Amino acid sequence: MAVEGTWEIITGNQAAAIAAKLARVKVVPAYPITPQTTIVEYIASFIESGHMDAEYIRVESEHSAMAAAIGASAAGVRAFTATASQGLLLMSEVLHWAAGSRLPIGMAVVNRAVGPPWNIHVDHQDAMSQRDTGWLQVYISSNQEVLDTILMMYKVAEHPDVLLPFMVCLDGFVLSHTYMPVNIPRQEDVDEFLPEYSPPHWKLDPENPITFGNLALPEEYQEMRWSMDLSMRRALDLIEDVAEEFFQKFGRYHGGVTWKYKVEDADYVVVTAGTMASEAEVAVDELREEGMRVGLLKVRAFRPFPHRDVAEVLQDRKGVIIIDRSIAFSSGGPIGIEVRSSLYNISGSPPVVNYVTGLGGRDVTYEDIVEMTKDGIGRITSDRLRRPYYWYKLKPEYEKIELSEEVRL
Amino acid sequence: MTLTIHDLRKESGSYLPGSAACPGCGATLAFRIASRVLGPNTVYVVPASCFSVIQSPFPKSAISAPLYNIAFPAAAATASGVYRAYKMLGRDVNVVVWAGDGGTVDIGIQALSGAAERGEDIIYVCYDNEAYMNTGIQRSGATPFRAWTKTTPTGKREMPKDMPMIVAAHRVPYVATASVGYPFDLANKFEKAKKIKGFRYIHIFSTCPPGWNSPVSKTAEVAKLAVDTYFWPLYEIENGKLRITVKPRKRPLKEFLELQDRFRGLSDEEIEELEKIVMEKWNFLLHLEKSERVF
Ligand SMILES: Cc1ncc(C[n+]2csc(CCOP(=O)(O)OP(=O)(O)O)c2C)c(N)n1
Ligand code: SF4
């Protein structure tokens with residue numbers, strides 16, 4: 001379990017590119033979009049300098065990038081691409097197609113706000129709006145976690161019980177362009193952990209011709225969707241197992257479907273994802289110093305959603321504070337919505353306060369998280385939980401409108 | 001290889017009995033011949049179109065080659081991915097897109113143009129029934145001037161896109177037009193395309209009896225008349241050099257128009273106008289044939 005490999009100080013995007021190389025992906029179709037672009041630039045340079053043995057397809061759009069990844073995966077090789085924001089949205093049709101074809105394609109999504117107006121900064125709306133495409137989605141808090149998770153997720157996605165594509169979601173600029181020390185595992189160790197992809201289900205092969213994706217009538221279709229849902233649910237345990245296996249081999253653990261920090265004795269638990277979760281760890285320490293027993297539950301897997309874990313950790317607490325970096329218009333934060341559905345039918349389900357904040361790159365510091373947590377605890381203890389969710393860090397003049405009784409919810 | 005009628009008859013290629021095509025479907029006739037020439041070492045990528053249905057529904061299939069159905073705008077990109085994967089695996093397989101005119105000249109043109117520009121080693125086939133037939137006969141960018149469809153109930157007012165020339169302008173090594181009315185010409189073009197490396201494009205005129213309201217028994221005849229009236233000239237552009245492959249004695253356009261309902265109700269002047277357009281194109285092709293290079 002000794003930590004082998006080499007240490008480098010690199011960005012989240014470099015970590016993603018290196019992970020693709022270490023995973024020995026064979027086809028990379030790519031189209032540029034900020035803040036993802038440097039991932040595919042690094043991969044292009046790996047390939048052109050002979051350090052990576054793969055085909056690079058400089059496609060003419062993200063729709064084509066995903067379509068080409070689908071073609072490559074259908075022909076039986078490991079495929080990888082990366083995108084963000086509008087690029088991910090343009091892919092939407094083919095994202096469904098990849099998942100429905102049960103192709104374990106890997107993709108780094110560098111989370112960025114969607115337009116209009118144009119905004120290149122972090123926001124989870126892009127990926128969250130693709131929630132129901134059948135892709136596994138994991139949200140990341142550090143550059144090391146980016147690299148390690150891409151390797152782990154190929155193993156999960158390619159497992160015969162899963163066979164679904166995955167997105168590893170990293171916060172735009174906060175991770176993509178920020179340098180951190182990252183341990184780069186040795187190729188031979190990665191090869192042992194992640195063997196070459198060999199499709200266990202189907203592939204395009206003249207020696208064994210099959211027709212894939214032709215019309216399915218109502219008697220057939222529903223079970224196909226059911227099997228995707230089942231695979232998604234099976235992925236929950238597999239993500240845990242693979243994280244454990246990765247820990248045994250490489251000595252690093254970032255959590256499975258969730259990451260828990262000081263939750264054992266917590267009265268209140270903060271729930272969030274991505275880099276806000278790293279900030280939240282600091283906030284938890286701060287709050288504990290002030291005498292409040294607060295813990296953190298980081299949602300790593302958003303799809304599959306870890307309902308059981310969430311319920312187990314949160315039930316019988318005095319309250320839950322959920323912080324989302326995305327808005328489901330008129331319903332709150334996507335994580336807030338999911339967590340409520342985890343808690344609804346269990347006894348001891350605690351009160352929940354959901355904040356929506358940090359959109360379009362608005363900074364969310366640990367002080368903000370301390371403030372939201374205190375505000376949330378205040379609302380819970382004084383029975384001021386009027387709304388299913390609250391906006392946080394609105395400018396004061398907007399805050400007034402938000403708080404007035406005219407705005408019905 | 002010179003094909004004879006016996007070759008075309010004795011095997012159905014990758015097209016098996018029991019498909020869900022309409023009687024007299026030109027697209028299936030084209031596939032029978034093409035897949036016969038391409039052989040079993042071929043993978044097909046099919047975007048949304050009649051051909052997604054023609055295969056017949058899951059769990060059956062009327063196609064005996066590996067075939068992957070993909071979303072409407074994505075065929076050429078998907079085929080690019082398939083080809084690149086085989087390249088990595090060291091396998092030599094014909095990767096063929098089999099798409100309708102809508103999936104080619106309209107929604108699929110971006111992916112097609114990208115793959116052509118990159119020189120992907122694939123054969124892109126457009127079977128052109130000159131409308132969106134799968135959704136019930138609406139106009140496409142390939143629908144002829146004056147033709148009736150359900151979204152052009154008084155006849156189309158625009159000229160169709162000249163897709164083979166658009167593709168040729170990408171300077172790809174092989175572009176050809178074909179017609180199911182000239183099966184040997186069609187077969188020979190596939191034979192040729194199969195041997196060439198790089199992006200190859202074959203645009204096939206294929207009769208659609210329900211879409212055109214043409215007689216089911218006259219699929220071949222309608223498609224032959226399209227060529228013989230110069231409505232659909234047969235040519236190929238190999239490495240930039242154009243050659244008209246069939247030069248029939250010109251027959252009056254009316255004979256082609258009369259065998260279908262799409263052009264019903266055209267006045268004599270309108271037919272005259274169409275005849276003029278057809279002759280202009282033919283003369284232009286004759287002119288191009290004399291040039292060293294088209295592009
Ligand atoms: C994005 C998208 N838009 C629309 C459709 C609906 N659609 C399916 S097939 C088709 C028409 C296909 O026309 P064409 O490519 O000419 O082939 P044909 O049906 O004539 O064989 C359309 C519009 C679709 N499947 N996807
Ligand atoms: S509608 Fe036309 S193209 Fe479609 S299957 Fe029927 S005959 Fe063939």
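These legends go with a set of close-up views of a predicted model.

**View 1. Where chain B meets chain A.**
Start with the head count: 44 residues of chain B are in contact with 41 residues of chain A. About 3200 Å² is buried between chain B and chain A, and carbon and sulfur atoms give 64% of that area.

**View 2. Polar links across the interface, and the elements of chain B behind them.**
The rule finds four salt bridges across the interface of chain B and chain A, and it also finds 17 residue pairs in polar contact there, both at pLDDT 80 or more. On chain B, the side that touches chain A draws at least two residues from each of β1 (42-47), α3 (50-54), β2 (67-70), α4 (75-89) and α6 (109-118). The largest share of that side comes from α4(B), with 11 residues. Sorted by class, the side of chain B that touches chain A has 25 nonpolar, 13 polar and six charged residues.

**View 3. A salt bridge between B:K87 and A:E55.**
Search the whole structure and you get 52 salt bridges over all chains. This view picks out one of them: A:E55 pairs with B:K87, with the closest N and O atoms 3.2 Å apart. The pair crosses between chains, running from A:E55 in strand β3 (residues 55-58) of chain A to B:K87 in helix α4 of chain B. As for the background, side chains of opposite charge can pair when their charged atoms come close.

Nine strands form an open sheet with mixed pairing, in the order β9(A)-β2(B)-β1(B)-β3(B)-β4(B)-β6(B)-β5(B)-β7(B)-β8(B). β9 of chain A and β8 (241-246) of chain B stand at the edges with a single partner strand each, so one side of each is left without a neighbour in the sheet. At the chain A end, strand β9 (residues 211-212) of chain A pairs with β2(B) in the parallel sense over two bridges. Look for A:T211 here, which stands opposite B:L67 in β2(B). Elsewhere in the sheet, strand β5 (residues 174-179) of chain B runs parallel to strand β6 (residues 200-205) of chain B, and six bridges join them. In that pair, B:S179 stands opposite B:F205 in β6(B).

**View 4. Ligand 1, between the chains.**
Ligand 1 lies between chains A and B. There are 17 residues around ligand 1, and B:D101, B:G102, B:G103, B:Y127 and B:N134 come nearest. Among them, B:Y127 has a polar side-chain atom 2.6 Å from an oxygen atom of ligand 1. For B:G102, a backbone N or O atom lies 2.8 Å from an oxygen atom of the ligand. B:C50 also has a backbone N or O atom facing an oxygen atom of ligand 1, at 3.0 Å.

**View 5. The shell around ligand 2.**
The residues surrounding ligand 2 are B:C22, B:C25, B:C50, B:I54, B:N129, B:M133, B:C208, B:P209 and B:P210. By class, that shell has eight nonpolar residues, one polar residue and no charged ones. At least two residues of the shell come from each of α3 and α9 (209-212) of chain B.

Notes
Residues numbered from 1 in each chain as written. Chains lettered and ligands numbered in written order. Predicted model: local features only at pLDDT ≥ 70, side-chain atom pairs only at ≥ 80, totals over all residues. Heavy atoms only, no water. Contact = heavy atoms within 4.5 Å. Buried area = accessible area lost by both parts, 1.4 Å probe. Salt bridge = Lys/Arg side-chain N within 4 Å of Asp/Glu carboxyl O. Polar contact = N/O pair within 3.5 Å; in protein donor to acceptor, adjacent residues only side chain to side chain. Helix = DSSP H or I, 4+ residues; strand = E, 2+ residues; numbered from the N terminus. Nonpolar A, V, L, I, M, F, W, Y, C, P; charged D, E, K, R; others polar. Pairing = 2+ DSSP bridges. Near = heavy atom within 4 Å.
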